[in-house]
Amino acid sequence: MSTSIDFRPSFVLLCLAALALTLAAAARPAERTALAQEDRPRAMIWLEGEEARPETFNQHSWYSADGLRLDLLSPGTPGGAAGAWLAHYATNGQAAEARYLLQVGLTDRYTFWLRASSYQTRMWYQLDGGPRIDIDSDSDARETIRLNVPTGIDIRFLSWLRAAELDLDAGNHELRIGVEARRNGGQEAHGGIDALCLVNFPWAPTGALKPALAPRVRAADAWFPLELADDPFSADSATDLSSLIERPAGANGRVQSRGDDLVLADGTPLKFWGVNASIPATPELMALKARMLAKHGVNLARVHPVQGVVGRLEPAPGGGRRLNPQRLDRLDRWVAALKAAGIYTQFSPVYPHVIGPEDGYPADLYAELADAGGGGKQTGGFVNLMRPLQDAEWAWIQALMTHVNPYTGLSYAADPALAVVEVHNEDSVFWHAPLNWLESGQADGRPIPRHVAAVQGLWQTWLRARYRSDAELLAAWGPAGRGSRAGDSLGNARMGIYGAWEMQATGPSRNQAERVRMGDFIRFLAEAQRGYFARRGQELRGIGYEGLTVSTAWWAGGAAATAANTWTDDALDIIDRHRYSGGMANGGWRMGEAAINDGSQLAAPGEGILSAGLEQVEDKPFMLSEWTASAPNEWKAEAAPLVALYGLGLQGWDASLHFHSGALRMEGGWPADADLFVTETPHYLGQFPALARAVHEGHIQQGAAAAARRLPLADIFRGVDPVSQSTAGGGWGPGPGDLATPREVLGIGRVSLKAADGLPRSSRVDWGSYWDQATGVIRSTTGELSWDTKARVVTVGTARTQGVIGFAGGRTVDLPDFRVMVTTPFVSLLLTSLDGLALGDSRRILVTALARDKQTGARYSADGKTLEYMGGPPLLLEPVQARITAKHGGRVTLSALDVNGDKTGEGMVGDRGEVGISGIYGAYLYLLEREGAAPEPTGTAMGTSTATAVAERTVTPGATGTGVAEPSATAPRATWTPIFEPLPPRVYLPLVLWNWRLGD
């Protein structure tokens, strides 16, 4: 192709002026954007759904507008102007069709994206009179949002669909889109079209944000939209961690527990960084998701619950019962896809187990159980005590574990890629269900007299084995009213029992004189539950399963039973817990426009998710199989670093599984239908490349035993909380006392609890040596972590991971190898070595920089405690504005990265190891590459990380208006130069002028 260049004097003068301005701008110490080179011209066609001519959509009044947030529709603005769509709803089977004129200016292959209804719709497209082709709205719907006001039940969902790849010649084309009946026996036809977009370059949609044909002009301090692109899985990606994961999973044998660690069969230490993951719709998408997870360092995926995937046992041909083969096939394919990608699997079998009359539970007891959706009865709560329910549960698990996966050739029991099997999810005998039910005689309003009588009978049998006579019983408990109750006797099969609400730290809330009585009841329950867990472990071993076993992740409803409940979990291989923070104040499962949990976890170690560590057992591996800090909490960027650095690092935890990975890739907005539990968002998936690398490569040292609490068994059955109440076997010294452990100790070192006879005395470090209560600063025993509880700032100073998390705006943070000057009020800013070297020597460093996020148009109350309007996609990210200085100097190049870890072509160069980041890059990931190192002109590198407030901070906006605190005037000034990549002559000058406007 020939190119014509205009050489008229006016044009030449314009070119010279542009060049002079550019050179002048380049000489200034300001961040400058670089320009990406396009291999071919970009082309885009965008049409609004309502622009069809002609069309037969009926614009049904309810479906198209009634109760809908029309501002989420294109070309509207969330929280602002309303948009529109082309909608159709009919209950008589009537179909609809719309025709669109495509005016194509460039012959090329285009990706056809469609923003349309995605809930049980049937749609098709037809190009230029060709065949009708179905549009898949089920398998890979992206950024699904409900259009109705949250969170009522509805069918009006909107998603982006990647409809097709189309080869289009320049000129006009006709595109038809149709809606046909699908629901209610083929009588209900519904669907709507919001927008169509065709692009000839990599792009993934979010909200109504149109593709950019040229680089966007961004302000340094302006929140920027998260822009997406399908992952090409480039070999040059700076965020690809798949090389750290062995493939296939289980190649080196079973994962085993060795003391409080996990190891491979050859003794290699192992930690799991994982997710709870839903199963994609097709084998191709399963492979894609497994690859995406592995890229982000995920090496364990939890299937929760498995019964929800494969269903209950059903009659088998020829007699007996089996699991449904078609439903099993979906699980089999998923486990095989994960294994091939190097990802181990964890089974959460039931939540709760569902039985039918055929499972043999006595009819009178079966009638008292709660109905389960889809038929049958739920066994939750009662299963911890009733042996027939445990046996029914085992029959189902045994069928699952002995099934041979045809895609691996192994039964689940024999497959080393199945790393963890739980007994069941979130179900403890000490929880309010069942204890409050049994104490009151009602379960959610249903009378349960037969279950009450059965449990009372079990307690009577236990008491008869413990005491030889009523006299002995009453001598232990005390007389009626002063320790026992009227009628208490070994011959009384209906003695009163306790609810979880009564099990307070200081004793029974109704009558503290009954401590011994309630302590016996706690011991009866604990021995029953521990025996159940131990038997399940033996049953799994009996069918050949040699992997790791977990009881449940649930906890006690009262403090007096917490230690006893932990002791029951100690019967199996790993201690597991769940923790959540953020989200809605009412505890709902979906986001709504209401009061929110607005607190930060940085007020103290153990404030939120890390509090789980108080139940870590001294000689057992520990995991969080579910955790998250949910939107719309504004500080959720703190959560993942705290779990990785303090949990799996300082505390020595062994596995983390974020809840919940429901998408195939990064998504925009607060995605998944206002779901509170989302992995595929920058604050979680976006921080995985830094955090998973730190976990897998062991960047953070485990701390010394800051509080190793050890108790004889008798002390955990005293009817009080044994760690906060004085006990004969407790105390930090040689005599009796309590083992009270402030939550702040979790920031010092490892905290553990162990209950068994014959243990050494409890031990701890001198907390005062690490915790300055006057300043609120807590240092770890390793010297790598510092937590300022008053400022709510954590600094990280390990050899290969350094950074700052929290409310660091206006501070200069001194790290061992870097100095970071932060302007943004709240940040999670991490520097991670990518080449295995210490950061002082590393030549490739990943910078992860996140602050707050919100949907476009989202609005909070003035005090931040209420979400007044949810807004809609795209997701907006608050830019982190900071200046990063390598203390050893040297020339550095900063390259902005996209969501896939690939260079965008924008960035800057600093000649003394100093660069700045801000919103002009529209990025939260950067690659910092060092060409060499030289001694720092002033100051010395510090051996520990500290954060100091800038007493008199002078903010000098650079040429780009970054508002980043400038270096000290006494230090030699660094200079920055823009990165300019070669561009074709036909586009170079216009883009140079654009770049100058950014820098002006």
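Reader: Hi! Let's start with arginine 142: is it buried or exposed?
Author: Arginine 142 is buried, at a relative accessible area of 5%. Buried means under 20% relative accessible area, exposed means over 50%, and partly exposed is in between (1.4 Å probe, protein chains only). This is a predicted model, where local features need pLDDT of at least 70 and side-chain atom pairs count only at pLDDT 80 or more, while totals for chains, interfaces and linings use all residues. Residues are numbered from 1 along each chain as its sequence is written, and side-chain values use heavy atoms, leaving out hydrogens and water.

Reader: Thanks! Which residue does arginine 142 form a salt bridge with?
Author: That would be aspartate 230, with the closest N and O atoms 2.6 Å apart. Arginine 142 sits in strand β7 (residues 142-146) and aspartate 230 in the loop between β11 (224-225) and β12 (256-258), so the pair ties together parts that are 88 residues apart in sequence. A salt bridge here is a side-chain nitrogen of Lys or Arg within 4 Å of a carboxyl oxygen of Asp or Glu. Helices (H or I, at least four residues) and strands (E, at least two) are DSSP runs, numbered from the N terminus.

Reader: And how many salt bridges does that rule give?
Author: The count comes to 64. One of them is between the side chains of aspartate 167 and arginine 109, at 2.9 Å from N to O. Aspartate 167 belongs to strand β8 (residues 157-168) and arginine 109 to strand β4 (residues 108-117), so this pair ties together parts 58 residues apart in sequence.

Reader: How exposed are those two, aspartate 167 and arginine 109?
Author: Aspartate 167 is exposed, with a relative accessible area of 52%. Arginine 109 is partly exposed, at 44%.

Reader: What about arginine 517, which side chain does it meet in a salt bridge?
Author: Arginine 517 meets aspartate 488, at 2.8 Å from N to O. This pair links distant parts of the chain, 29 residues apart: arginine 517 is in helix α12 (residues 515-542), and aspartate 488 is in the loop between α11 (470-477) and β27 (503-504). Both arginine 517 and aspartate 488 are buried. Elsewhere, salt bridges with shared partners join Glu97, Arg99, Arg132, Glu174, Arg176 and Glu180 into one network.

Reader: Changing topic: where is serine 428?
Author: Serine 428 is in the loop between β24 (418-422) and α9 (432-440). Its relative accessibility is 0%, so serine 428 counts as buried.

Reader: What is serine 428 in contact with?
Author: Leaving aside neighbours within four places in sequence, its contacts (heavy atoms within 4.5 Å) include Asn384, Trp554, Trp555 and Asn565.

Reader: Can you show me one sheet? What order do the strands take in the open sheet of three?
Author: The order is β12-β13-β14, with antiparallel pairing. The edge strands β12 and β14 (269-270) each pair on one side only. Two strands pair if DSSP finds at least two bridges between them, and three bridges join β12 to β13 (residues 261-263).
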